[in-house]
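Student: Could we go through this model step by step, with the criteria behind each term spelled out as we reach them?

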Amino acid sequence: MIRIIGCGNILRRDDGVGVYAVEELNKTTLPVYVELVDAGTSALDMLSFLEGAEKAVIVDGVLPRSNPGTIYRAEIDEAEVCEEAEYFSMHDFSWEQGLAACRNILGNKFPRKVTFFGIEAETVEYGLGLSAPVRESLDKVIALIQMETKDLKLDILTVKDADGRLRRP
């Protein structure tokens, strides 16, 4: 199973880009082996979201630096996650540290591959909606995710039931 995990706080504009990604992907037809997760801002829940997935795709906002809308992509396989996470606070940790901690706890239930898409924010001020450069980049990330999930060629037909949930035919 591929689990697509959207992170962020929609009340802080571009910080919510991961959650918006999951909302947009939920409007499309995805293969039945793809599961969407709105992770919000709960870093501790990441363990349960990663557990048992063959592959995980994480979408999150990246703090503003100099070029809003820049897409950062990192492919991390199981072997690349460092074995030991140094001490970190939940308020100040890197994705590498967070994934290392998850890998140490989950062991063989950690995904074999994790893809991280970060989109550089223009603003994380309180408010709703994405800035124009982040919205444009989100559309590109969604297209990339859709291509990746179709490239697996698992020959599984996708069917949605009356409630819009995916099911096997």
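Tutor: The structure holds zero disulfides, a disulfide being a pair of cysteine sulfur atoms within 2.5 Å. This is a predicted model, in which local features need pLDDT of at least 70 and side-chain atom pairs count only at pLDDT 80 or more, while totals for chains, interfaces and linings use all residues. Residues are numbered from 1 along each chain as its sequence is written, and side-chain values use heavy atoms, with hydrogens and water left out.

Student: Is C7 buried or exposed, and at what relative accessibility?

Tutor: The classes rest on relative accessible area, where buried means under 20%, exposed means over 50% and partly exposed lies in between, with a 1.4 Å probe and protein chains only. C102 is buried, with a relative accessible area of 7%. C7 also counts as buried, because its relative accessibility is 6%.

Student: In what order do the elements of the protein run from the N terminus on?

Tutor: Helices (H or I, at least four residues) and strands (E, at least two) are DSSP runs, numbered from the N terminus. The protein has four helices and seven strands by that assignment. Read from the N terminus on, the order of the elements is β-α-β-α-β-β-α-β-α-β-β.

Student: Why can strand β1 be called largely enclosed by the rest of the structure?

Tutor: In a regular strand the side chains alternate between the two faces of the sheet. In β1, I2, I4 and G6 lie on one side and R3, I5 and C7 on the other, and all of them are buried, which leaves both faces covered. The strand spans residues 2-7 and is largely enclosed because the buried residues number six of the six.

Student: Which residue of β2 stands opposite I4?

Tutor: Two strands pair if DSSP finds at least two bridges between them. β1 and strand β2 (residues 34-40) are joined by six bridges and run parallel. Within this pairing I2 stands opposite V34, and the residue opposite I4 is L36.

Student: Which residue of β3 is the bridge partner of I5?

Tutor: Strand β3, made up of residues 55-62, pairs with β1 in the parallel sense over five bridges. For I5, the bridge partner in β3 is I58.

Student: What is the handedness of the unit made by β1, α1 and β2?

Tutor: Helix α1 covers residues 17-26 and is mostly covered, with seven of its 10 residues buried, among them V17, Y20 and L25. A crossover is right-handed if, with the strands pointing away from the viewer, the path from the first strand over the helix to the second runs clockwise. By that convention the β-α-β unit of β1, α1 and β2 is right-handed.

Student: With which residues is G16 in contact, leaving aside its neighbours within four places in sequence?

Tutor: G16 sits in the loop between β1 and α1 and counts as buried, because its relative accessibility is 0%. Its C-alpha atom is separated by 7.9 Å from that of G40, a residue 24 places apart along the chain. With contact meaning heavy atoms within 4.5 Å, the residues that G16 touches are C7, G8, N9 and I10.

Student: How far apart are the C-alpha atoms of R13 and S131?

Tutor: R13 is likewise placed in the loop between β1 and α1, and it is partly exposed, with a relative accessible area of 25%. Its phi is near 50°, a positive value in a residue other than glycine. Not counting residues up to four places away in sequence, R13 touches several residues, including Y20, T123, Y126 and S131. R13 and S131 are 118 residues apart along the chain, yet their C-alpha atoms are separated by 7.3 Å.
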